[in-house]
Amino acid sequence: MKICIINGRVIDPASQLDIDHNIYIEDGKIVAIAEDLAGFDADVEIDAYNKIVCPGLVDLSARLREPGQEHTATIESETRAAVAGGITTLAVPPDTDPVIDNPAVVELIEDRAKKAGRTMVLTVGALTQKLNGELLAEMAALKAAGCVGVSNGVTEIKNTVVWRRALEYAATLDLTVFINAADPWLQKQGCVHEGTVSARLGLSGIPESAETIAVSRDLILIEQTGVRAHFHSLSTGKAVKLIREAQDRGLPVTADVSAHHLHLCEHDLGNYDSFSHVMPPLRGVRDREQLKQGLRDGVIQAVSSHHQPLDADAKLGPFAETTPGLSALETLLPLTLKLVEDDEISLHQAIASLTCQPAAILGIDAGQLKAGASADICIIDPDVQYDCLPSAFISAGKNSPFGGWLFQHQVSHTLFQGKVVYQREPN
Amino acid sequence: MPSNQLTESGQLRHFLTIEGLKRPLLTEIMDRAEQFSGISHRQVKKVPLLRGKTIINLFFENSTRTRSTFELAAKRLSADVMNFNINTSATSKGESLLDTLHNLEAMHTDMFVVRHDQSGAAEFIAQHVAPHVSVINAGDGCHAHPTQAMLDMFTIRRHKQDFANLRVAIIGDILHSRVARSQIQALATLGVGEIRVIGPQTLLPRESQTLGVHVYHDMASGLEGVDVVITLRLQLERMQGALLPSAREYFRCYGLTEEKLKYAKPDAIVMHPGPINRGVEIASSVADGPQSVILEQVTHGIAIRMAVMSMALASQSEQAEIE
C-alpha cells in the first residue's frame, strides 16, 4: 500500500521542519518528505490542503480500563477514541486489575492492543508488587516483557526505605520511574484545592503542600539514587519551581502537565460540578499561569491526557462521593492547540509537547517525521469552529468538563504504521 | 452560584443556600415568620395553608431537633409529613441516592426537606427532582444550613434594631460549620457592619477572609465591642483529627465564660445553634444567663421553617397555575 499526503503543511518539531511538502509512505514507513518523488505511484492520495501534517501524538498516561474494568471501557473502545484524538502511541499506568506487576499482564495488554491494531499501547510496570508499597516488583522481567518504565501509579509508597530501594533498583535497570507526587495523608484528606472555593463550598481541601512535600522528598531521593524520573500531572506553581531548580542542578528529571490543568482552575468547580472533580485537584488561577510558564520554558516537556473514562453513575452524586477523573483522549489535541490560538505557546512548542518530547521521555523512537520512521501521522484541520460535545465522544467515557467549549483545531486523519486508522466524517 | 433555587419571577422554588439571595427576600422570610410566630400561642396551633401537601423529611444524617422543628412547622401548616431516616451506609449498600429519591418522588411528594453529610448534596438533589418538587436544605455537609441562619437573623432582628450598626462575632469551628457559612452570607446580605470569626487556625478555613470576615485568634480582641456573640457547637470527633489537643484546652481558649463575655458590649446577646456542649464551647452560666437567647432561637426555628415551606410551595402552585 502506497500513500501520499499532498499539499499539507508538514511540521516536525524534532527536525525543526515546517514546510509545504508531500509525505510518501510505503509498507508502513515514511519513504520521503519531499516536493516530488519520481516514480512513486500512490494507491491513495490524501489531500491535506490548508491542514497541518505532524507526527502522531504520544500520550504519557491514559487509562484504558482493561484488564479489570471492561464494563467501563476497553482497549478496543479507547484506542478508537485515541486515534480520533490523533494519538498513535500511549502509555498505560500499572494500576489495572490485575496490576501490571508481571509479564502476563503486559502480554495481555499488548495482545489486545495488537488485535485492535490502531495505536501503539505501551505499558508502565509496577514498582511494587500489587502496588502495595512494600515488596519490589520483578522489574527486570517487566522490562524484558516490554515495559517502558515503572511507577506506583497513584498509590504512594509511604515507607521511605521501600521508596528509596525501589528507585535504586529501577536505576540499576536503567528504567525511568514515573511519579504521581502527592503526600498520601494531605491528599487523602480532601477532594478539591484548599483555597477560596473550598472555603465557600465547604468541601475539604487538599493544600498545595500535598504536592510540594512529595516532590521535594522525591527530588532528594532522585539525587541520591541517580534514577531517571518523570513527574506526572503537576498541578501547582511551586512544584514547577522545584522541578526547574532540580533541572538546573542537572538532575535527570522531566515533567508533564494535563491539558485540563492548563485551562481550568478551582473556580471551574462552579456549583459542585462533578466533571471538574479530578486528582490532583484543579488549583488556583496563579498555579495555572505558572504551569503554562513551565511549559513555555521547557521545565514541563509534555502535555498528557491523563485519560480516565468513567461510567455515568461515577459522576452522579454529591461532589465528594463522585469519582475523580475525566475522559480526555479526544480533547488533548484541541486543548493544547488552544494555547496556540491564545498566543500562550508557539505552534511548534505545542506539537513538540505532544509528540517528540513525550517520546523522548518514554525513550522510544516515535513522534517524528523522517524517512525510515513508522508512518504514525496526524493531520489537523486548524480552522474548524466546533462545540465540544462529550456525549458524541468515541471513548466509552463521556465524563468531560469541556462540554460546550468552542474548539478550533480538529483531527481530520490519523495514520498508524502507514494505515489510515481514523478519518473524520465530513460535516 | 445555584441557578435554580428561584423561579423566573424571583420567588423561592427551593431553599438551598443563602448565597445569591437578595436582601428583600431575606426580609420577606423574616416578615413571614413574624406572622407565623403568633400561631404557636393560639389554642389551635394550625393554619390550613398546606393542606393536602405531602412533605418528606429525608434525613441522611442523624438529627432529632432539626427534624422535629421541620416536622412541627409542616404540621402547623396542615401538611402531611413523613420522616425517612436513612443512614448513608445503607445507601452505599446498593441503592444510590438518586434511586432513593426517585422512589420517594413516585409517592407524589411536594417537598423534600433534606439533610445529608456531604456538601452539595441538597443542590444535587434539587437538580434531579421533578419540576413540581421543592427542596429545602436542612444542612448539607460543611456547606450550608440556610433555615438555621435565617432563624438566627430573625432572633437578632428581634433584639437589635439595625443590622448595619452591628458587630457580630462567630466563635469556633468555622471550617466544618455549615451554620457559620450560611450565617456569614446572611449577615453580609443584610448589611451587618462587621463580621468576625474567632478560633484557632486549625478550625478556620484557609482564605477565610475571602468569605468577607475579619479573623481573630483570641477572645479578648475578637469580642471587643461586639453586639452579637455566636458560639458554634464543637463536634467531639474533631478531637481525633489533630485539630485540637483536648476539649479542656478548647474551653480554656475559646469557651464562652462570663469573664470572656465581658469583652463584648454589655447588652450583647449570646446565641448557639444547639445542641450545646456545656463546659466545652460555652459555660452553663452563660448558656442559661440573662444575655442568652438560645431557647428563643429554637422557638423561632419553627416560624422560620413555616415561612420558608409556605413560600416555596406557594411559588410551586403559582407555577402550576401558569402551566
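How many residues of domain 1 of chain B are in contact with how many residues of domain 2 of chain B? In this predicted model, 22 residues of domain 1 of chain B are in contact with 22 residues of domain 2 of chain B. Chain A is likewise divided into a domain 1 and a domain 2. The two chains also touch: 23 residues of chain B are in contact with 19 residues of chain A.

**Domains of chain B**

- Domain 1 of chain B covers 23-145 + 299-322, and domain 2 covers 146-295.
- The centres of domain 1 and domain 2 of chain B, taken over C-alpha atoms, are separated by 26 Å.
- On the side of domain 1 of chain B that touches domain 2 of chain B, α1 (23-37), β4 (134-140) and α12 each supply at least two residues.
- α12(B) gives the most to that side, with six residues.
- By class, the residues of this side of domain 1 of chain B divide into 10 nonpolar, eight polar and four charged.

**Domains of chain A**

- Domain 1 of chain A is built from 2-53 + 375-423, and domain 2 of chain A spans 56-362.
- Between the centres of these two domains of chain A, taken over C-alpha atoms, lie 26 Å.
- Here 27 residues of domain 1 of chain A are in contact with 40 residues of domain 2 of chain A.
- β18 (377-381), β21 (410-416) and β22 (419-423) of chain A each supply at least two residues of the side of domain 1 that touches domain 2.
- β21(A) provides the largest share of that side, four residues.
- The side of domain 1 of chain A that touches domain 2 of chain A has 17 nonpolar, eight polar and two charged residues.

**Where the chains meet**

- The contact between the chains involves 23 residues of chain B and 19 residues of chain A.
- Three helices of chain B, α4 (97-105), α5 (121-128) and α7 (178-189), each supply at least two residues of the side that touches chain A.
- α5(B) contributes the largest share of that side, three residues.
- The side of chain B that touches chain A divides into nine nonpolar, nine polar and five charged residues.

**Nonpolar core**

- The largest nonpolar core holds 228 residues.
- Val150(A), Val177(A), Phe112(B), Ile125(B), Val135(B), Val229(B) and Met309(B) touch the most other members of this core.
- Helix α12 (residues 294-322) of chain B gives the core its largest share, 10 residues.
- Phe112(B) touches Ile56(B), Leu58(B), Ile125(B), Val129(B), Val133(B) and Val135(B), not counting residues up to four places away in sequence.

**Sheet of chain A**

- Six strands of chain A form an open sheet, in the order β3-β2-β7-β18-β21-β22, with mixed pairing.
- β3 (17-20) and β22 of chain A stand at the edges with a single partner strand each, so one side of each is left without a neighbour in the sheet.
- From one strand to the next, the twist averages 20°.
- β21(A) and β22(A) pair in the antiparallel sense over four bridges.
- Leu415(A) has Val420(A), in β22(A), as its bridge partner.

**Sheet of chain B**

- Five strands of chain B make an open sheet with parallel pairing, in the order β7-β6-β5-β8-β9.
- β7 (214-216) and β9 (269-271) of chain B are at the edges, each with a single partner strand, so one side of each has no neighbour in the sheet.
- Neighbouring strands in this sheet are turned by 20° against each other on average, direction ignored.
- Strand β8 (residues 228-231) of chain B runs parallel to β9(B), and three bridges join them.
- Ile230(B) stands opposite Met271(B) in β9(B).

**A loop residue: Arg238(B)**

- Arg238(B) is found in the loop between β8 and α9 (247-254) of chain B.
- Arg238(B) counts as partly exposed because it has 18 C-beta neighbours inside 10 Å, while a buried residue needs 20 or more.
- Arg238(B) touches Asp173(B), Leu243(B) and Leu244(B), not counting residues up to four places away in sequence.
- Arg238(B) and Asp173(B) are 65 residues apart in sequence, and their C-alpha atoms are 9.1 Å apart in space.

Notes
Residues numbered from 1 in each chain as written. Chains lettered and ligands numbered in written order. Predicted model: local features only at pLDDT ≥ 70, side-chain atom pairs only at ≥ 80, totals over all residues. Contact = placed C-beta atoms within 7 Å. Nonpolar A, V, L, I, M, F, W, Y, C, P; charged D, E, K, R; others polar. Domains from an automatic or database assignment. Core = buried A, V, L, I, M, F, W, Y, C linked by C-beta atoms within 7 Å. Buried ≥ 20, exposed ≤ 12 C-beta atoms within 10 Å, placed from the backbone. Pairing = 2+ DSSP bridges. Axes fitted to C-alpha atoms, helices over the stretch in contact; angles between N-to-C directions.
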